[in-house]
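Grab a pencil and have a go at these exercises. Try each task yourself before you read the solution.

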Amino acid sequence: MRLIHMGTGIDLDSLNDTLAQNQGVITLAQARSCGLTDRQIYRRVKSGHWEAFARGVFLSRQHLHTDDSRVRAAVWAHRRSVADRSTAAWWHGMLPTLPQPLTICVPRTTHRSPDLPDKASLLHRSIPAEDLLELRGLAVTGAELTVLGALDVVADPPGFLDRVLQQETVTLEGLAQCLDRNRGMHGNGKGRTLLGTLVAGAESEAERVLVELLRLHQITGWTLQYPLGGRRIDVAWPAERIAVEVNGWAYHRDRDRFEADNAKTAMLAARGWLTLSFTWRQLTEEPEDCIAQIAAALALRR
């Protein structure tokens with residue numbers, strides 16, 4: 001049985017449920033659907049029970065406001081907008097903390113944005129229906145487009161992509177299909193590059209990057225795919241007995257591959273070899289550190 005406030009027509013149960021579900025945020029349309037008139041809404045604002053956040057969006061001062069309510073308020077303040085990129089990634093549970101600024105996608109026809117207390121990064125673009133969904137009452141980009149968009153703004157793009165692939169939040173096939181649906185969309189450049197590396201083979205790409213770094217820094221004496229003990233070392237310095245192994249992405253390193261790598265490292269150690277291991281991310285994001293480690297190892301052995 002719904003509790004209707006006699007004399008006002010307000011559905012109090014519905015109003016309280018809406019405020020609770022929205023972490024104290026309510027839109028004009030939601031308030032009207034609970035039976036409030038515009039005059040009753042105005043009175044709540046004037047009395048200090050509600051605060052006008054933006055046109056058509058209100059905050060209840062009886063609720064503790066959280067990151068959840070901040071995102072809802074900011075998205076709802078922009079007409080027909082959706083949370084995207086890093087904000088959507090946080091909403092999906094892909095990121096542990098809410099990054100700043102908030103990231104929101106608005107229609108191309110939006111000309112003026114409301115003045116908000118939270119800084120927001122806006123992208124004006126159209127999104128295919130397949131890449132939109134409603135999650136916990138908020139319009140957000142789907143998982144695949146969220147990942148692709150977040151790659152351009154998160155601090156560690158390769159690490160973020162590796163993690164969501166390991167957790168099976170998205171698949172490589174799903175990301176490729178989403179990228180194809182959104183050809184030419186601004187903000188997917190990093191995703192296109194990283195997916196290209198995955199499809200081409202991260203190990204071979206990482207090996208190519210390492211060779212370029214060695215040549216750039218004029219480090220010599222190495223051999224590619226050096227055979228030893230029935231196995232092959234990615235890059236080896238036979239005279240100094242130094243091995244460098246390059247790895248791609250953790251998400252597709254199954255148990256057999258992990259154990260094979262450990263067996264190779266043990267075999268090399270038994271023969272007096274020093275093994276260094278670098279990931280694709282390290283070689284592309286921290287190349288100078290990788291070269292410094294190789295140079296230090298060579299100096300030690302020489």
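**Exercise 1: a strand and its neighbours**

Step 1. A strand here is a DSSP run of E with at least two residues, a helix is a run of H or I with at least four, and both are numbered from the N terminus.

Step 2. β11 (residues 223-228) pairs with β12 in the antiparallel sense over five bridges; pairing takes at least two DSSP bridges between two strands. Two residues separate them in a hairpin, where Gly 229 in the turn has a positive phi of about 60°.

Step 3. On to β13 (residues 242-247), which runs antiparallel to β12 and is joined to it by three bridges. Here Trp 237 stands opposite Ile 242.

Step 4. Five of the seven residues of β12 (residues 231-237) are buried, so this strand is largely enclosed by the rest of the structure. Buried means under 20% relative accessible area, with a 1.4 Å probe and protein chains only.

A note on the source: residues are numbered from 1 along each chain as its sequence is written. The model is predicted, so local features need pLDDT of at least 70 and side-chain atom pairs 80 or more, while totals for chains, interfaces and linings use all residues, and side-chain values use heavy atoms, without hydrogens and water.

Definitions and conventions:
Buried < 20%, exposed > 50% of the residue type's maximum accessible area, 1.4 Å probe, protein only.
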